[in-house]
Structures are given as structure tokens and as C-alpha cells.
Amino acid sequence: LYMSGFGNEHVSEDPRCPGALPEGQNNPQVCPYGLYAEQLSGSAFTCPRPTNKRSWLYRILPSVCHKPFKPLKEGHLTHNWDEIEPDPNQVTVLERPLGLHTLCGAGEPRGRNGIAIHIFVCNASMLNRCLYNSDGDFLIVPQQGKLLITTEFGKMLVEPNEICVIQQGMRFSVEVFGETRGYILEVYGAHFELPDLGPIGANGLANPRDFLVPVAWYEDRQVPGGYTVISKYQGKLFAAQQDFSPFNVVAWHGNYTPYKYHLEKFMVINSVAFDHADPSIFTVLTAKSTRPGVALADFVIFPPRWGVADNTFRPPYYHRNCMSEFMGLIKGHYEAKEEGFQPGGASLHSMMTPHGPDADCFEKASKAKLEPERVAEGTMAFMFESSLSLAVTKWGLQTSNRLDKNYYKCWEPLKSHFNPNCK
């Protein structure tokens, strides 16, 4: 079960304990059922109301009941962007090994400004352990396999072609059902919002009602062998032990929650005359920077749609961008590179590095008979776009041995069609 709405004030209590929410106040002297009241703040207390984020949780034991945190090996999770010299070349990642690996990023969590992009492959569930991110928000894009995510707010089943956001500080555990893989965009210092629609008007793109929030669910479970709570803090991992499940929230209310969204719900807007609208019209969520109109990170999709533009080269145009573009493919074939970009793969086109359709795509699209056609049918590609200049990690460039070193060759067959005597 879920509740719908983006950023709404939600109220939920487990039906096993009716009346668990205090009436008329947040922090009574004695809470119903002997629960503890705990506030989770996702913004400064004094933020303006439109950006003020917090929820009140009513739990069997407060989250403070744990042993001290101790360092935990973080493997290939990093925010060290200086471990290797910068490389502006176009990068494509092929299949991935088991684990969670940081591929690229910029900024740093202590200054509360930056992003990191991770890729993951796993085949085992998190048993008697959970994670929370002190550094920022996780936007998770599963590409293969379902994720059953238990949070302090309830449970979410997230499948390929859906996304979920686990915001800063929220404890969660993941159950998988066989090999599972996907992508994670981590944002430091900002929360995701719906993009402003401007002249589009009140409706379109990702509609607020299609975002789903879990309903309250709790377990009163003792763990004699110890339950492990993992904190991602300043880019490092730390583990603490406690003897009970942290998913002991019987009721909650507030506007600071995890949520999920199905990408097929996106209402696509496209050109119906000629030329392209800029890909910003495909933005699902944005994390704003301090500069108006400039995103710290955007989550953009390229879903199935109609292409009807007249006298127009319809695939994505050749481009040099002041933003960094990380592309992933959930399913299907990306229209600009039908053969060289496989589901589960990724590419990074760094700031101001040229990119665009490969030679085969250009030749076909330049000669195609233009009539209404379905574009990207059976496909879902996406982009993490950032105003930051992203550095690729040492694992991404060297250790992984997963780069397509021949990626640049897809443009080599492009030839000159220039003829000064033929307009």
C-alpha cells in the first residue's frame, strides 16, 4: 500500500495500533502505546515553509539506542576526486562486477555541495543490517531485478522502470531476489524537487500525484546476535550494533519521506512542428544549486514517444555542453547509438566534450522519410546531468577494466558532405 503525492503532509499509522498518532501535538508527555517521539529533520528549522522538511516518528525504541560507531571498510565507495589525473574523453562502461562502486562525482559532503554517481550489482539481501546516508540523498535506478526496500516509514517494492529516493538520514534495508543491478545518484546539500513548468502550465512531465510514499509498518523484533546500523558519514562507512530492528516505527506524520515513481507515468512533451525542444523538457526531478535555473543535478529520461517534426534531424543533435552528462540504459536500444550502448551500461560525456549520434545513426536519420513514428519504443534511457565538472574515479578509469576503449571509434566513420556548389 502507498499514499500518493509529492512533498505532501502525510499521516500514517500501522493498523495493528490504531490511534498511535498523538492527537493535536507532536511530543506529548506520554505517547500512545508507550512509544517514543522522534523528529527527523531534512532541512534547517528556519527554512521557508515551501522548503521546510521534517517528519515525526513514533517508535518502540528511539534510534539513539546503539553502541558506538566503528569504521567499516568502504571498498570502492569514495568521494576522493583527486586520486587520478582528469580525463576529458568520452567514457563508456560495459558490464559491472559485484558490489557498490563509485564511478564519478564532484564536490564533497562536508561542504554540503556536490554529487556522486555509483553503480551496483548484488545477489544477496541485507540481513539484520541497514544503512543511512548522513551525506545526502540517494536516487536509485534499478536496471535488473526487484528491490524490496524496508524503511522507517514502511516498505516499497521498486522494479526496473521505477525509481526511488531515500532522503538524507533515513534508515533502509534492501531485499533482492537474484542478481540485481542498477545506478545511484547521490546528491549532497539539496533535496530533489519537481522542475518548474513555466509556460507549460500547471500540468505535465512528472505529475505530483504519481509519486508514492509507503504506509507505516513496524516490527518489534529483538536481534540477539546484533543488528548492524551502517552510517555513510563524510564519505566513509561506519557500523554500530544494537539488539533490535530499527524498523520499529508504529506511526508517523510529516513531509520528509522516501518515495518512488514509475517512469511510464511521465507525460512527455515534444516538438510538433520542427526542430528539437531542449532535453530539459524530459526532466523528472531536479536538485537545485544556489544559482537560479542551474541544477546541481537533474534526473532526465528519454521515454517512448512520438516523433513528428518536419524537415528535422530527429535524433539527438551534436552537442558540447557546459553541463556533465551521465547516461544509463534501463532497457531497449538508445536511439543515438543502437548497437554500442547496452542495458546496464553507462557513458559519461564530460563538460564541453563533444558527443552525439554515431555515424550509422546520422546516415540513416539524414535520409529517412519523415513521417510520424514512434521513437524509443520498448526503451528507457536516462541521464544524470550536473552543472559540476565530474571526475572519474581510479576504479572507473583503471581498476575496473570495464571501459570500452574503442568508444571514440563510433564517430570515426563520419565523413564530410560539404559541397560549395550544392545548397
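Accessible areas come from the Shrake-Rupley method with a 1.4 Å probe, and for residues only the protein chains shown count as cover. On this basis the chain has an accessible surface of about 20400 Å², with 53% of that belonging to carbon and sulfur atoms. The model is predicted: local features need pLDDT of at least 70, side-chain atom pairs count only at pLDDT 80 or more, and totals for chains, interfaces and linings use all residues. Residues are numbered from 1 along each chain as its sequence is written, and side-chain values use heavy atoms, without hydrogens and water.

Of the 423 residues in the chain, 52% are buried (under 20% relative accessible area; exposed means over 50%, partly exposed in between, with a 1.4 Å probe and protein chains only). The C-alpha trace spans about 85 × 45 × 40 Å along its principal axes.

The chain holds two helices and 28 strands, taken as DSSP runs (H or I, at least four residues, for helices; E, at least two, for strands) and numbered from the N terminus. In helix α1, residues 359-367, the buried positions are Ala359, Cys361 and Ala365. Seen down the axis of α1, these buried residues fall within an arc of 160 degrees, so they line one face of the helix; the arc is that of the directions from the helix axis to the C-beta atoms. Lys364 and Lys367 are exposed on the face turned away from the buried side.

Six strands form an open sheet in the order β6-β25-β24-β27-β22-β21, with antiparallel pairing (two strands pair if DSSP finds at least two bridges between them). Within it, β22 (295-302) and β27 (380-386) are joined by five bridges, and Asp298 stands opposite Glu385 in β27.
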